[in-house]
Amino acid sequence: MNRRPGPKQNGVRALYLISLSALPAAPGFAQTQPAAPRTAMPDAYRDDIVITARRDAADDPETELSEQDIARYGANTIADLLHNIGPLIDGTGTPPIVLVNGKRIGGASGITGFPPEALARLAILPPDAAAKYGYPADQRVVNLVLKNKFASLEGEVGATYATAGGRDSERESASRVVIDGATYWNAQVQTTRDSMLFRSARPRAVPPDPVYLAGSVSGPGGQPIDPALDAIAGRAILIAAPPAVASSRPPTLADFAAAGPPRTTDPDSAYALLPGGRSLGVNLGVTHPLGSFTGSLNVNVSTVSSIQRLGYPDASLTLPAGNPWSPFGEAVVVTPDLRAIGPLETRQDTKTLAVSASLTGAIGQWNANLLANVAQSWSTSRFDRGLDLQNIQQRLNAFDPTLNPYAPLSRGLLQVDRSRSRFASADAKLVLDRAVAKLPAGALTVNLSAGISRMTVSSTSESDQTAPVAPVAPGDLRRTQIDLRASLAAPLTKRGDSALGDLSANAAIGATKVTGSATQRQVDAGLTWSPAAPVQLYAGYSSAQIVPDIAQLNGPRIETVIQIYDPIRQEVAQPVWITGGNPDLRRGTRSSLTLKAMWRPLGRSLTLDLGYQRQVSSGGIAAFPQLTPAVEAAFSGRIVRDAAGRLIAIDARLINIARDASAQLTTGFTWLWSPVARQSATKPSSPAAWQISLTVNHSWQLESLLTTDPRLPPLDRLGGAGGQPRHLVSMQLMAGRSGLGAILNGQWQSTARVDNPAIADGAGDLRFSAFGQFTLSFFVEPANLLNPGSTTKSWASNLRLSLDVQNVFDSFQRVTLADGRTAPGYDRYALNPLGRTVQLTVRKRF
């Protein structure tokens with residue numbers, strides 16, 4: 001290996017100058033001789049890479065992707081790349097901790113928006129690496145190693161369409177990234193737009209009742225309006241349109257007879273199954289040496305808005321006989337003119353400003369990281385609840401001659417709920433680490449961190465009622481939090497010196513003090529053992545006292561209307577769904593045990609994984625569970641029904657729990673194949689060489705019990721109280737070469753059920769079928785495909801076309817009752833209204 005040693009620091013850190021061609025080779029994802037550049041590039045941008053690295057497990061990553069390996073994934077950003085390699089990281093979908101050149105980064109950093117071409121390599125560190133960097137031991141760490149010289153200006157345009165029609169989305173972005181040794185900066189801007197998906201774009205088994213948007217008059221109970229009107233028209237008239245003359249004078253029976261039937265409007269054209277929205281994001285960042293330190297500053301500004309139409313409001317008035325505007329002998333039902341009102345809507349708008357900074361360097365014998373973040377967001381929401389017609393009805397009953405019941409209603413009659421909130425936070429954290437002793441097996445490393453944060457949430461809610469607007473008293477909450485943590489990582493034995501092989505341990509203790517709450521303590525401990533090179537075993541335990549954060553306690557109240565199955569009445573309901581902060585949340589404790597085993601019988605070409613996780617929460621909080629009869633019985637105060645028993649509102653804010661216990665067994669394997677592994681190290685591989693990887697992960701849920709009250713039996717979410725599947729399987733098949741590649745991702749879950757004891761003989765039980773979905777991603781780079789290794793520039797240079805198909809087979813989960821009928825509210829497009837989508841992306845680097 002072409003390695004030139006640098007000055008030793010603290011006995012455990014050194015500066016290496018590593019040539020790209022000299023990175024260590026491994027079967028499957030092997031580092032080979034670099035392929036010819038895709039486009040002509042100045043020699044100044046092909047320099048060696050300078051990396052500051054630890055001489056410990058971080059130098060022996062669990063999986064490492066070279067520049068060629070990264071290119072085969074066809075990702076447009078580092079964020080896309082991390083998503084694509086998720087099965088290689090841990091298969092759970094949990095975002096990993098990201099280091100850049102072995103260093104922490106600020107919270108608002110835009111590094112994940114960099115193009116993957118900026119990476120020299122990517123290393124997935126072993127499970128015990130998190131503890132070495134001062135993070136909780138159960139998190140995974142990915143180290144991004146940037147190229148020493150890189151410059152890119154790129155634009156990207158993408159469009160997504162639902163194959164069933166009715167919805168389209170667009171995304172545009174532009175970015176500039178420059179890396180010059182230890183200095184790099186970026187500027188990125190991105191916009192998105194999503195159209196609303198209306199229910200009229202999807203078939204319905206039962207057509208909806210029409211809406212008479214311009215108004216109508218009908219008889220009570222579906223009877224004819226008036227026998228005298230029938231006599232004039234020569235036929236029975238059940239419903240009639242208001243005559244045109246009704247806008248200026250009281251109409252006569254003859255006017256109604258000539259008016260004809262009212263015009264109908266499809267209500268589904270005003271009810272959105274999915275909201276529409278727009279977003280704009282701008283990110284600016286710079287990293288630059290400051291003497292013996294390295295400083296970084298990042299600014300992120302974003303605005304996000306969404307709108308969803310909720311259909312036309314229900315509105316009907318009783319026009320009594322004898323009213324000066326009624327020519328009828330009996331009372332009739334008047335549907336008022338709603339054209340000025342239009343559909344009800346819910347809107348949310350959020351604007352965010354975030355600034356992060358970091359300073360990294362050495363203070364004496366300590367490696368220091370100072371991180372600071374400041375963020376502020378402003379949110380507004382509006383929810384149209386309906387119409388207030390009480391005053392109008394009273395005036396009709398009083399025979400008020402000045403009130404025309406056929407005139408268009410004013411938008412001033414809308415009952416509107418509004419909320420405004422502001423969230424502000426500022427935090428600073430100092431992290432120190434050093435080797436405090438040299439043990440026979442390696443260095444004993446200590447990591448110390450201290451942080452302080454200040455958060456403020458203020459919110460105001462207003463509701464329009466029949467009386468003048470009366471704002472609800474604003475809610476404000478301020479909280480200061482101090483965090484202290486100390487961790488120790490110790491190698492106990494070393495392979496070659498001990499029959500035990502490699503054995504290391506880590507332990508951490510922490511304390512958190514929050515305003516108005518007692519001190520919370522955390523304890524973590526882990527043990528990693530590798531008795532032989534292909535085998536690695538890990539055991540970890542953590543225990544922490546937790547308190548709700550400020551957003552969970554005092555987040556803005558948001559109301560919208562959702563479509564949900566009511567298991568009590570066995571019908572589709574559209575209740576108001578309430579989310580936001582809950583000031584009554586309480587503290588609790590959470591403990592977890594993790595056991596993992598990894599075996600690589602064929603080196604890194606084949607990896608077999610086995611794991612067991614158990615987590616128990618005592619007290620604390622949890623998300624509001626799926627609505628079932630058992631859940632409604634446990635949270636009767638959260639479920640609101642009208643006098644007829646119809647579901648009208650659900651308070652779905654976070655809940656307090658007595659206990660939550662879950663356990664799962666996980667298995668998985670990863671197979672990597674490449675002809676590179678079969679070639680001699682002296683023979684460079686062809687850019688056209690294919691590389692294939694297959695990853696399959698299986699999760700077997702052993703236990704999932706939620707106890708909301710010690711006086712009540714636990715809810716078995718696997719046994720019929722929560723509709724949770726017992727088996728989950730995910731897979732990823734990747735095949736790629738220079739300029740061409742494809743990724744197939746799949747997820748599958750087993751059957752599940754929800755019991756409904758309110759219905760005899762299990763007739764109301766819901767049965768959820770086994771369900772699987774696949775996503776296919778394909779990319780092509782014309783220049784690299786047609787002329788691999790060519791340095792000749794053309795229109796196709798650095799051009800990438802990507803095609804992504806979500807839900808390839810347009811599949812959906814079938815939910816049936818005991819007799820095999822589809823459960824109400826679980827039809828094809830109620831469960832997955834979007835269906836299959838196709839996204840085309842064009843990306844060009846200049």
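**Ground rules.** I number residues from 1 along each chain as its sequence is written. The model is predicted, so local features need pLDDT of at least 70 and side-chain atom pairs pLDDT 80 or more, while totals for chains, interfaces and linings use all residues, and side-chain values use heavy atoms, without hydrogens and water.

Entry: I looked up strands, which are DSSP runs of E with at least two residues, numbered from the N terminus. Two strands pair if DSSP finds at least two bridges between them. β15 (residues 276-290) runs antiparallel to β16 (residues 293-309), with 15 bridges. Val286 has Leu297 of β16 as its bridge partner. The hairpin of β15 and β16 has 2 residues between the strands, and Gly291 there takes a positive phi near 65°. I then followed β16 to β19 (residues 345-363): they are antiparallel, with 16 bridges. Val301 stands opposite Leu353 in β19.

**Entry: Ile363.** This residue lies in β19. Is Ile363 buried, exposed or partly exposed? Its relative accessible area is 44%, so I noted Ile363 as partly exposed (buried is under 20%, exposed over 50%, partly exposed in between; 1.4 Å probe, protein chains only). Ile363 and Ser292 are 71 residues apart in sequence, yet 9.6 Å apart in space, C-alpha to C-alpha. Leaving out residues up to four places away in sequence, Ile363 touches Phe293 and Ala368 (contact means heavy atoms within 4.5 Å).

**Entry: Val842.** I found Val842 in strand β48. Val842 has 35% relative accessibility, so it counts as partly exposed.

Methods. Helices (H or I, at least four residues) and strands (E, at least two) are DSSP runs, numbered from the N terminus.
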